[in-house]
Structure formats: structure tokens, C-alpha cells
Amino acid sequence: AAALAELITEDEEVEEVIFFCGEQRRDELPEILQQNNIDVNEITVYETIELPHKIDKTYHGVLFFSPSAVDSFFKNNKLPASTILFAIGNTTANSIRRHTKNKVIISDAPGKDNLVKKMIGYFTGDL
């Protein structure tokens, strides 16, 4: 979000943006834009609803795509120390670390495909 905000602020013609987001969005994008005198019209388009489920199997790895998914998962689950956790980004990784001391591997770039490739690389020894 911060990188996107920096790109937007480089375009001197941008005076206003419409920011579609969820109610649990991060602050970097609108704050950076507003600090650069760009009006931000924020429209909340979805609400995050946690749906915690109990997992009864043991897995070698678990992938997390958002901090809210992490929080929902750990409401009902504990993992053995041997389970490797994969995070789509630093914010999600920080959320994981609030719940467990397990090893956390962070995707090199945003996107679900990148996270899955990172996990495959880890387990096949291609990292």
C-alpha cells in the first residue's frame, strides 16, 4: 500500500482518489496520500467476518493470506512446533508471530501464486 501511495504521489496531476477497502484496512495508503494533499474518498466495500474452524489434522505447512485469517485460525487451533507457516506479506507474518513461535516464511512478492510457489520451493528444496 505504501509503495502504491508513493507511485500515486509522483503523478502531480492526481488531486483525488477513490479508495475501495474493507473495514480492517491499513492506514498507509490514505495517510501518505493525504500528507501529499491528495483527497481520499474512502468507500468501505466489505466487512471481514471471522469463521473459526477446528483443524484436527497435523500439516507440514499452513499458508496464511491475511491477518484476519491468522486470527480466525488461531482462535480454535494450536500447531506443533514442526509446522512451517507461510505468510503473504509482513503484516500477516507479524500477526502469525503474535500467536506462535513457529517458523514463518514470507512470500517474496504479493499474490497468492507467489505464496504457493514459495511454499513449494521450501518443501522441494528449491529455495
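Which helix does A5 lie in? A5 lies in helix α1, and the chain around A5 is a predicted model, where local features need pLDDT of at least 70, side-chain atom pairs count only at pLDDT 80 or more, and totals for chains, interfaces and linings use all residues. Residues are numbered from 1 along each chain as its sequence is written, and side-chain values use heavy atoms, with hydrogens and water left out.

**Fold and overall shape**
- The chain has five helices and five strands, taken as DSSP runs numbered from the N terminus (H or I of at least four residues for helices, E of at least two for strands).
- Going along the sequence, you get α-β-α-β-β-α-β-α-β-α.
- The radius of gyration is 18 Å, well over the 14 Å that the globule rule gives for 127 residues, so the chain is more spread out than a compact globule. That radius is taken over C-alpha atoms, and the rule is 2.2 Å times the number of residues to the power 0.38.
- Along the principal axes, the C-alpha atoms fill a box of roughly 50 × 35 × 20 Å.

**Burial, surface and contacts**
- Of the 127 residues, 31% count as buried (under 20% relative accessible area, with a 1.4 Å probe and protein chains only).
- The accessible surface is about 8,700 Å², and 50% of that belongs to carbon and sulfur atoms; the areas come from the Shrake-Rupley method with a 1.4 Å probe.
- Among contacts (heavy atoms within 4.5 Å) with a separation of 6 or more, 40% are between residues 24 or more positions apart.

**Around A5**
- A5 is buried, with a relative accessible area of 0%.
- Leaving aside residues up to four places away in sequence, A5 touches L29, I32 and L33.
- A5 and L29 sit 24 residues apart along the chain, with 5.2 Å between their C-alpha atoms.

**The largest pocket**
- About 910 Å³ of space lies in the largest pocket. A pocket here is an open set of points on a 1 Å grid where a 1.4 Å probe fits, with protein on both sides within 12 Å along at least five of seven lines; the volume is the space filled by probe spheres set on the points, which are joined across faces, edges and corners.
- The lining (residues with an atom within 4 Å of a point) runs to 29 residues, and A1, R26, P67, T91 and T92 lie nearest the centre of the pocket.
- At least two lining residues each come from α1 (2-10), β1 (16-22), α2 (28-35), α3 (67-76) and α4 (90-97), and β1 gives the largest share, four residues.

Key
Buried < 20%, exposed > 50% of the residue type's maximum accessible area, 1.4 Å probe, protein only.
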